[in-house]
Amino acid sequence: MLKNILFFFAILSLLFVAPQPCFANDAVLPKTVRITTSDWPPFTSTTGKGIYSDIVNDAFAEIGITPEYVYYPWRRGEKNVASGKIWCIFPYTINVERSALYLFSEPLNESSTDIFYYGPDKEYVFEKIADLK
């Protein structure tokens, strides 16, 4: 159970979210799009630097679009995407509620998180968070 919870948080950064409808193949692409993220070093930052920010910038550059970053806290950013004030937000994971509102790209990366503890002659067995208290 704990591993599932930790895995969820680890993949929180995997996806890039775009509002519906997305650009059609034959549509004229805009020169710039307003996108949002928040400060989550080393993945994203309000300075425009970060692992995921670089991936997003490169992806837009490939199709000749300049991203215009507007920084909001996560919830406000998501509301602004839903209302159409912002074109996309990243990084996000897919869930049922978001799937109804947004289109998701392929993952920006894949990872997993493991926790370990070293203690001489100690073995901890746990199945739920309460076991760790």
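1. Of the chain's 133 residues, 31% count as buried, where buried means under 20% relative accessible area, exposed over 50%, and partly exposed in between, for a 1.4 Å probe and protein chains only. The model is predicted: local features need pLDDT of at least 70, side-chain atom pairs count only at pLDDT 80 or more, and totals for chains, interfaces and linings use all residues. Residues are numbered from 1 along each chain as its sequence is written, and side-chain values use heavy atoms, with hydrogens and water left out.

2. The chain holds 4 helices and 5 strands. Their order along the sequence is α-β-β-α-β-α-β-α-β. Both kinds of element are DSSP runs numbered from the N terminus, with helices being H or I of at least four residues and strands E of at least two.

3. Strand β4 pairs with strand β2 (residues 32-36) in the parallel sense, over 2 bridges; two strands pair if DSSP finds at least two bridges between them. Within this pairing, T36 is opposite I89 of β4.

4. The largest nonpolar core has 10 residues: V33, I35, Y52, V56, F60, I65, W87, C88, F90 and L108. A nonpolar core is a set of buried Ala, Val, Leu, Ile, Met, Phe, Trp, Tyr and Cys residues joined through side-chain atoms within 4.5 Å. Two or more residues come from each of β2, α2 (51-62) and β4, and α2 gives the most, with 3 residues. A second, separate core comprises 6 residues, among them V70, I86, I89 and Y102.

5. After α3 comes G84, which has a positive phi, near 90°.

6. Leaving aside residues up to four places away in sequence, G77 touches T36, Y72 and I89. Its C-alpha atom is separated by 8.7 Å from that of C88, 11 residues apart along the chain.

7. The whole structure contains 6 aromatic pairs. Rings of Phe, Tyr and Trp (its six-membered ring) pair if their centres lie within 6.5 Å; planes under 30 degrees apart count as stacked, over 60 as edge-to-face and the rest as tilted. Y69 and F90 form an edge-to-face pair, because their ring centres are 6.3 Å apart and their planes stand at 65°. This pair links distant parts of the chain, Y69 in strand β3 (residues 66-69) and F90 in strand β4, 21 residues apart. F90 is buried, at 0% relative accessibility.

8. W74 and Y92 also make an edge-to-face pair, since their ring centres lie 5.9 Å apart with the planes at 75°. W74 belongs to helix α3 and Y92 to strand β4, so that parts of the chain 18 residues apart are linked. W74 is partly exposed, at 29% relative accessibility, whereas Y92 is buried, at 6%. Elsewhere, ring pairs link W40, F43 and Y52 into a cluster.

9. One runs from P41 to P42, with omega near 0°, and P42 is placed in the loop between β2 and α2. Another joins F90 and P91, with omega about -15°; P91 is in strand β4.

Key
Contact means heavy atoms within 4.5 Å.
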